[in-house]
Structures are given as C-alpha cells and as structure tokens.
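Visitor: Hi! I have a new model open and would like to walk through it with you.
Guide: Happy to, let's have a look.

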Amino acid sequence: MTDTPTRRRLPSLDRVKKLPAWSALVAGTLVGGLIGGAYGLLTPASYSATSYVVAVPTENATPDAARGFAQAYGRVATQLAVLGDAQVWAGVPVRTLRDSVRTATSPDAPMVSVTATSARAEQAVDMANAVSRALTRHAEDTKGSTQVRLVQFSRAVKPSGPASASPAITVLVGASGGGLLGGLALLVRPGRAGREADDPMPAASVPGPATAADVQR
C-alpha cells in the first residue's frame, strides 16, 4: 500500500499570505516613492525661456489679416528656412533647435510665443531669442506681399528655476502612484474564503470492522 504524497506549499508563499491586507498598500507606496526619487535625481534639470512676437498690419491690411498671418508664422517658425538662420545666433545646430523649440499662437491675438528648452538656462534664452529674430526677419522680407510685419514684443529672459519637476515632487508622484497600485492589489486580492478553498479537504473517515458490526446490530 502506497501513500499518495500531498502537495506542500512553499514556506515563502505561506508567509506572504499571512501578511496583513494593508501591507500591499504600504509596499506600493514605498516602492513608488523610491522609483520617483530615483527618477528625480537621475534626470537632469531642464530650463525653459519664452519670447513673443506680434503681427502688426500695415495701412493696407486689417487686424483679421494680422491674426491669420500670426497663425501661419507660428507654423513656419520651426521650419528649416527659419531655423537655418537662427542657428547662427543661437550657436547650436538646426537639429537641436528643431527638438528644443516649440511655438504657440492664439486665435484671439496676433501673437506668436517661441519657447525653447535646454539643460542650461542661458542656452534656452539664446535659442528662443534667435528663433524670434529669424522669424521677424523672414516676415520683414515678405511684408510687401503680406502687408503684415512681425515685431519683437518681449525678449526671453533667464528663468529663475528649472521647468522640470524637483526630486521632492517626483517622490510624491511616485508614492501616490505606488499607493494607488497597492490599493488596486487589495481590491483583487482573494478573500479568506478563497484561500480556505485552496486548502486540501480532509479525507472522509471510514468506520472500522468493529464499528460497522455494531451499526448492523
């Protein structure tokens, strides 16, 4: 007669299942905070600087035309024709300008904002001003046909602090995200009844011969 071997659980799995329910929330918060802090410390700081140019209609144009051309100039500001001139004043390649400079326009005002981002604050200022300068020069060359001029409205100034998030903020964001994942893990964690269902059921007891004889009497 051979005994059927019973499946044994790993001791580490048993210890994990005995942990309190809130341990997943605490672990998620700690791990998320560590990941967020590491990201904030290892990611270099970035600085942003913004300059503004405004479209001014000539005597033969209307304000609506100026707003329309401002939208058009905002789209061409990051094209090669403009960045090719801007690289001379910015002192960086065209590829760097294309990756680091963004423009924005407003449908209510004939204004174009040029924002540059860099790991150095001085370089961000130089790139934003260089693109604005190149854009106004291109607009000046075509004002005979467009009847609209671009004028420097505000030069970019050196930012007082980095635009990227500080390590303290990344720690808070990471801890919040980790806590959220830990809370979701609590929701999907099987209940006590589910754990008890996994345990092997005790074998049914079979009465011995003497007990069976007493029952028949």
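Visitor: Is L180 buried or exposed, and why?
Guide: L180 counts as exposed, because its relative accessibility is 56%. The classes are buried under 20% relative accessible area, exposed over 50% and partly exposed in between, with a 1.4 Å probe and protein chains only. Before we go on: this is a predicted model, where local features need pLDDT of at least 70, side-chain atom pairs count only at pLDDT 80 or more, and totals for chains, interfaces and linings use all residues. Residues are numbered from 1 along each chain as its sequence is written, and side-chain values use heavy atoms, with hydrogens and water left out.

Visitor: Where does L180 sit, and what is it part of?
Guide: L180 is in helix 8, residues 167-188. Together with L181, L184, L187 and V188, L180 forms a nonpolar surface patch of about 570 Å² accessible area. Patch members have over 30% relative accessible area and no salt bridge; nonpolar side chains (Val, Leu, Ile, Met, Phe, Trp, Tyr) are joined within 5 Å, like charges within 9 Å. Areas come from the Shrake-Rupley method with a 1.4 Å probe, and for residues only the protein chains shown count as cover.

Visitor: OK, zooming out. How many helices and strands are there?
Guide: The protein has 10 helices and four strands. These are DSSP runs numbered from the N terminus: helices are H or I with at least four residues, strands E with at least two.

Visitor: What's the strand order in the sheet?
Guide: The sheet is open, with order 2-3-1-4 and antiparallel pairing. Strands pair if DSSP finds at least two bridges between them. Strand 2 and strand 4 (148-154) are at the edges, each with a single partner strand, so one side of each has no neighbour in the sheet. From one strand to the next, the twist averages 25°.

Visitor: Which helix packs on that sheet?
Guide: Helix 3, residues 63-76, touches strand 1, strand 2, strand 3 and strand 4, and its direction makes about 20° with that of strand 3. Contact means heavy atoms within 4.5 Å. Axes are lines fitted to C-alpha atoms, for helices over the stretch in contact, and angles run from 0 to 180 degrees between N-to-C directions.

Visitor: And what does strand 3 pair with?
Guide: Strand 3 (residues 109-118) pairs with strand 1 (residues 47-57) over eight bridges, and with strand 2 (residues 101-106) over six bridges. Y47 has S118 as its bridge partner, while T105 stands opposite V112. Strand 2 and strand 3 make a hairpin with two residues between them.

Visitor: Switching to charges: how many salt bridges are there?
Guide: The structure holds four, counting a side-chain nitrogen of Lys or Arg within 4 Å of a carboxyl oxygen of Asp or Glu. One of them joins E122 and K158 at 3.1 Å, N to O. E122 is in helix 6 (residues 121-141) and K158 in the loop between strand 4 and helix 8, so this pair ties together parts 36 residues apart in sequence.
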